[in-house]
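I opened my notebook to look through one protein model from surface to core.

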Amino acid sequence: MAYFSSQRPQSSSSAIKIVNPAEHDDRAKLQAKRDSPQRQCRNILIYGSCRYQDKGCIYYHPPAEGSNNLPCPESPLSASLSAQAVNAPIFVPKAPFHAITSPSPTSASSFTPSPSPSTFYPNHAEYEDYGDSVSNQTPQTLEHQLVNQYQQVDYDDHASPMSNFYQSQQATFVRQPLDYHLYSHPTPDAFPSTHFVSDTIREELHRRSEASQLVPLPGHNLPDELQGYHSLALLEPSVTERRKFFSWYSTVYRATSSNDGISYALRRIENFRLMHQAAFGAIETWSRIEHPSIVRVREAFTTRAFNDNSLVVAYEYYPDAQTLFEMHIKQRPPVFQHGRLSTFSAALPEATLWSYIIQIASAIKVVHEAGLAVRMVDATKIMVTGKNRIHIGSCGIADVLMYDPRQDSAIAQQEDLAMFGRLVFALCCNNLAAMNTLPKALDMIGRQYSADVKALALYLISKPGPHKSITQVIDMIGTNRLLHEMDDMHSSVNRLEAEFMSELENGRLVRLLCKFGFINERPVFAREPRWSETGDRYIIKLFRDYVFHQVDENGNPVINLSHVLACLNKLDAGTDERIMLVSRDEQSCLVVSYKDVKACIDVAFGDLARASR
């Protein structure tokens, strides 16, 4: 009300006119006066422009600078704008607007604020209608009108970076990705980081951690507990993409073990009835096989927790892994290339193909030597867990589903080699059905790969024989390729060890920071309110300021991570290097060594540790 009680001209009456709401003529007169086109639009006064100027606003809008239109003499522009007018709500004209498509730009360069809005409000009569309408309504009605008013206002005419966040009234909740970059900027290649793991490895590990900790989506009617496993989450994308596992449908879940708290992958075979308990003997044999290219089998059991007879096999879980089919064979959506849609998929590099062949051959050799057969050399069952790193999954299930005590394992091992050959053809031709058109597939392999790849693929799909074995396949791969693969693995191990060395010292620094947190700013200890501000603890406080609270000559904070790491490492080592600690009021200073500060921290933390026992 202070805004409307400002100084008025001498010609204006200070008395408030009493108007009868029932008099229609007076209402019409007031409305005509209030909607006079000679009144300047309040949007011009407050914002410098009116988005409704070309959309039907009946009030006066000053012409833009450089325009030939003469300004209205009855609406002069003054030199300033009061704070009350700036804080006033946005003004929406009463004229109807039917088609508001886009804001019309208006120049604000000719805007000259007014010293006082009293020039445009000569008396109180213009607000009588507002006062009567408010007095005859309940607070609930007023609140409803105010809500509707603000819902009708569109603020797009003022370009704002926040406008993109309010484009829709419907609330949408999208899971935000993890903040993989934990530091300000990536380190240039010329200056490799020596204190932290590289961004590429850190992001990959964060993605795996995120995948292993995702909350299961509701609505799948999964059991809360399953033979010592809980927190089941569906790993397959959708039910429509499920493939048959022999004659049964299967589903893969992620679950956490109640025994060790580790996540495992559970493959469930639906509607399977176990006829022979001896079929689980193969699972026990598989659980003893450890190979870097085989997903290790944990255990198998039957359950009715899914309201049917289900077989469940637990495997080691590799988060954020993809199958060979998803990585190299599955059709990608078309993309624009050279101005047109293209569905062309790049061929698998031969070096990567040989790496896959060597890993699969090594896994098959170990399984065959154990007297078993893989039976799962399939693109949909082999997972890619890293760069050129594959693992054969779903092992052991076929031995339970197709249990036959009289079956010869040599026949199943020969079938492994045939499946291996079909997989090589599928990877080379990017098609699971490449064997259906063998001449075309051979022609494609001959044009894109070497003769050794073609000879190995033909040998794998040849007829079974006593001399056809996985050992012969390894001989065909060649010693040079095996040595090259071994060199790549050793180089990868060396690189990972170097990355881990950069994180080796971080544990010590975290322990130091924890001690700082326990000691500094502790309010009360041993009935001493100022314990952390007196004695040796005062030196620790000054050292904390020296490490973290430094400023430059202009008083701006110095954010130097190298300085922090150097100081903490010297403190942990307890060097004899001396530093000068200055109090916050700059009235006193202390010259101490890192060894002295370390002794103060050890004494203070020891006092706290003894009191906590």
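**Entry: surface patch.** I began with the rule for patches: their residues have over 30% relative accessible area and no salt bridge, with like charges joined within 9 Å and nonpolar side chains (Val, Leu, Ile, Met, Phe, Trp, Tyr) within 5 Å. A salt bridge is a side-chain nitrogen of Lys or Arg within 4 Å of a carboxyl oxygen of Asp or Glu. Accessible areas come from the Shrake-Rupley method with a 1.4 Å probe, and for residues only the protein chains shown count as cover. I then found a nonpolar surface patch of about 260 Å², made by Leu-483, Met-486 and Met-489.

**Entry: ground rules.** I noted that this is a predicted model, where local features need pLDDT of at least 70, side-chain atom pairs count only at pLDDT 80 or more, and totals for chains, interfaces and linings use all residues. Residues are numbered from 1 along each chain as its sequence is written, and side-chain values use heavy atoms, with hydrogens and water left out.

**Entry: overall counts.** I counted 19 helices and 14 strands in the protein. Both are DSSP runs numbered from the N terminus: helices are H or I with at least four residues, strands are E with at least two. The protein exposes about 37800 Å², and carbon and sulfur atoms supply 54% of that. Of its 613 residues, 36% count as buried. Buried means under 20% relative accessible area, exposed means over 50%, and partly exposed is in between (1.4 Å probe, protein chains only).

Entry: I went back to Leu-483, which lies in helix H15 (residues 479-504). Leu-483 counts as partly exposed because its relative accessibility is 42%. Next I picked Ser-355 in helix H9 (residues 350-369). Is Ser-355 buried or exposed? Its relative accessibility is 5%, so Ser-355 counts as buried. Leaving aside neighbours within four places in sequence, Ser-355 is in contact (heavy atoms within 4.5 Å) with Asn-388 and Glu-485.

**Entry: an open sheet.** I traced three strands in the order E8-E11-E12, and their pairing is antiparallel. Strand E8 (322-323) and strand E12 (389-392) stand at the edges with a single partner strand each, so one side of each has no neighbour in the sheet. Two strands pair if DSSP finds at least two bridges between them. Strand E11 (residues 382-386) is joined to E12 by four bridges. Met-383 stands opposite His-391 in E12.

**Entry: a hairpin.** I followed strand E13 (residues 578-582) to strand E14 (residues 589-593); they run antiparallel and five bridges join them. Met-580 has Val-591 in E14 as its bridge partner. Six residues lie between E13 and E14 in this hairpin, and Glu-586 in the turn has a positive phi of about 60°.

**Entry: aromatic pairs.** How many aromatic pairs does a search of the whole structure find? I got nine. Rings of Phe, Tyr and Trp (its six-membered ring) pair if their centres lie within 6.5 Å; planes under 30 degrees apart count as stacked, over 60 as edge-to-face and the rest as tilted. Tyr-229 and Tyr-264 have ring centres 6.2 Å apart and planes at 85°, so this pair is edge-to-face. Tyr-229 is in strand E2 (residues 229-234) and Tyr-264 in strand E5 (residues 263-269), so the pair ties together parts 35 residues apart in sequence. Tyr-229 and Tyr-264 are buried.
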